[in-house]
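Please open the model in a viewer and keep the sequence panel at hand. The stops below are meant to be selected in turn.

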Amino acid sequence: MKKILIEEEYCIGCRLCEIYCLVQHSKSKNIIKAYKEEYPKPVSRIIVEEKEYTSFALQCRHCEEAPCLEACITGAMYLDKNTGAVLYNEDKCVGCWMCIMVCPFGIILRNIENKKVASKCDLCMGEEMPVCVKNCPNEAIIWGEKE
Amino acid sequence: MNYIIIGNSASGVAAIEAIRKYDEKSQVTVISDESYTSYSRPLISYLLGKKVTPKMMPYREINFYKDNQVKLVLNSKITKLDLSKKEVVLMDKQKIHFNKLLIAVGGKPINLRIPGSELNGIFTFSKLDDVGEIERYIKTNKVKKAVVVGGGLIGLKTTEALIELKIKVTIVELADRILSSSLDKKASNIIEEALKKKDCKLITNNSIKKIKEKNNKTKEVILKNQKRISTDLIIVAIGVKPNMELVKNTPININKGILVDKFMQTNVKNVYAAGDCCEAKDLISMKSRPIAIWPVAVQQGKIAGFNMAGVKREYQGSFIMNSIELCTIPIISVGESCSDKDDCQILEHFDCKKTIYKKVVLKNNKIIGGIFVNNIERAGLYTGLIRNKIDILNFKEHLLEEEFGLINLPKFYRKNIL
């Protein structure tokens, strides 16, 4: 299955991926409205880590043996059998944060405003490829098979 | 091939999914003494406190058993486990034969054994049925006050639910603080203060000696120090132990829980065990012990299922960890979070204004435990470092920084996991 691969050598830390991710996961899909008007405020599912000359964009790795899937007490996290993606059902999430406790990448985020929903990458289902990949200006995140 | 799974919670469901990944044809029978399809057990306190509706309780989709072609035998107690004949005998004398058996019967709440503990209005809280029973009791007796015995996870989640129902709660805890097995004094203090603000009373370093009936409705709880508390309802949450009733008088080896090998198989061939009823390899102490938490139950059920279906997989082990939100304060504790032995080093960050507390416990330059209160973001990074036993010497000073992330880790480790 195709995954988002991280090439930290090429990341320039521009954070465009974060912006595109946030807008993609907003209700309006409009950048101004997403940042200024929506409540709860949409959250980017990407973390850009940066230190000195190194940076990279990190999003859910959609692990084959996903610890968050095992830890989820309500069944909100689930495996999409067709794509292998680890997705979650917002309605079933009670905000117990078991997923945050076990994710070794620390990539599952709390949406503090609506409190009860952990937001995570959904690989932009329905798009030809995730918007973070599509809009990365330097191919620091790519859409491909892991060797 | 006939598979029988006894128990229909985390381990049982994980085993069904694992078996069906590799074996679509064989008969899978699930036997449960409860009358429900699989539900989210940790949510029972949310249901009691009306934070969720009954609609939220199912752990899997409605068609789960049908889609996986599972024969469900609900509301059925097993009276005998006949390992030589390879069959289980049900309450109604029905016998079911198996080729492979999984025992995933979970834990059993420990009951009070003191004078008066047989009175009515005293409940343990571990099953969906308990919600209904407690709700009914509260309604018929117009309960206004409750005593919760035990300030552990279940005790506190129940307390929170009762507070939601406008019941005044007094917690009686044996240790000097609540959540004493996973939180240190600083962390538990944050929660204790929040509970007090909700008008919840907390009595520590104490235990219940006797329960006396005052009148039909009201009881009197007498503590070790002779203090008396009048109450309408008592919830007993003094712990859970592995349920080993079924394996008693069988050749299956037990210790504190059912003993299994790394394939989750007991000493009896083709008989497996998983979840809260059995022991697991603790990756920190490297010893076998019961680790009664949801993720471990799922992992073990899955591994058992794979091996039952003939796909060899080893259980890697785990360690204790918990995530809980109390009085809107999120708390995560992992591993040996309270260890203060001489060979341990503690790093901590405490912001008493914002009630933020972060702590990691180190031993031989490896993390063995951690506590995160109110700032739980990225707590899983530490869980990963514990699990993979990563040497932290080179980035120790960054461990508790706000911006700590994968970027601080050795490049080989980062590249390897990403």
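In what order do the five strands of the open sheet in chain B run? Select E21-E22-E25-E24-E23, which is that order, and note that the pairing is antiparallel. Helices (H or I, at least four residues) and strands (E, at least two) are DSSP runs numbered from the N terminus, and two strands pair if DSSP finds at least two bridges between them. The model is predicted: local features need pLDDT of at least 70, side-chain atom pairs count only at pLDDT 80 or more, and totals for chains, interfaces and linings use all residues. Residues are numbered from 1 along each chain as its sequence is written, while chains are lettered from A and ligands numbered from 1 in the order in which they are written.

Six bridges join E21(B) to E22(B), and Asn322(B) faces Ser333(B) of E22(B).

Next, select helix H8 (residues 379–387) of chain B. H8(B) lies across E21, E22, E24 and E25 of chain B, at about 160 degrees to E25(B). Nine of its nine residues are buried, so H8(B) is largely enclosed by the rest of the structure. Buried means that 20 or more other C-beta atoms, placed from the backbone, lie within 10 Å of the residue's own. Just after the helix, Lys389(B) takes a positive phi of about 50 degrees.

Now display both chains. Here 24 residues of chain A are in contact (C-beta atoms, placed from the backbone, within 7 Å) with 30 residues of chain B. On the chain A side, H4(A) gives the most, with four residues.

Finally, select helix H1 (residues 10–22) of chain B with H7(B). The two pack at an angle of about 35 degrees, their axes 7 Å apart, in a right-handed crossing, meaning that the near helix is turned clockwise from the far one by less than a right angle. Among the residues that meet are Ala14(B) in H1(B) and Val298(B) in H7(B).

Conventions:
Contact = placed C-beta atoms within 7 Å. Buried ≥ 20, exposed ≤ 12 C-beta atoms within 10 Å, placed from the backbone. Axes fitted to C-alpha atoms, helices over the stretch in contact; angles between N-to-C directions.
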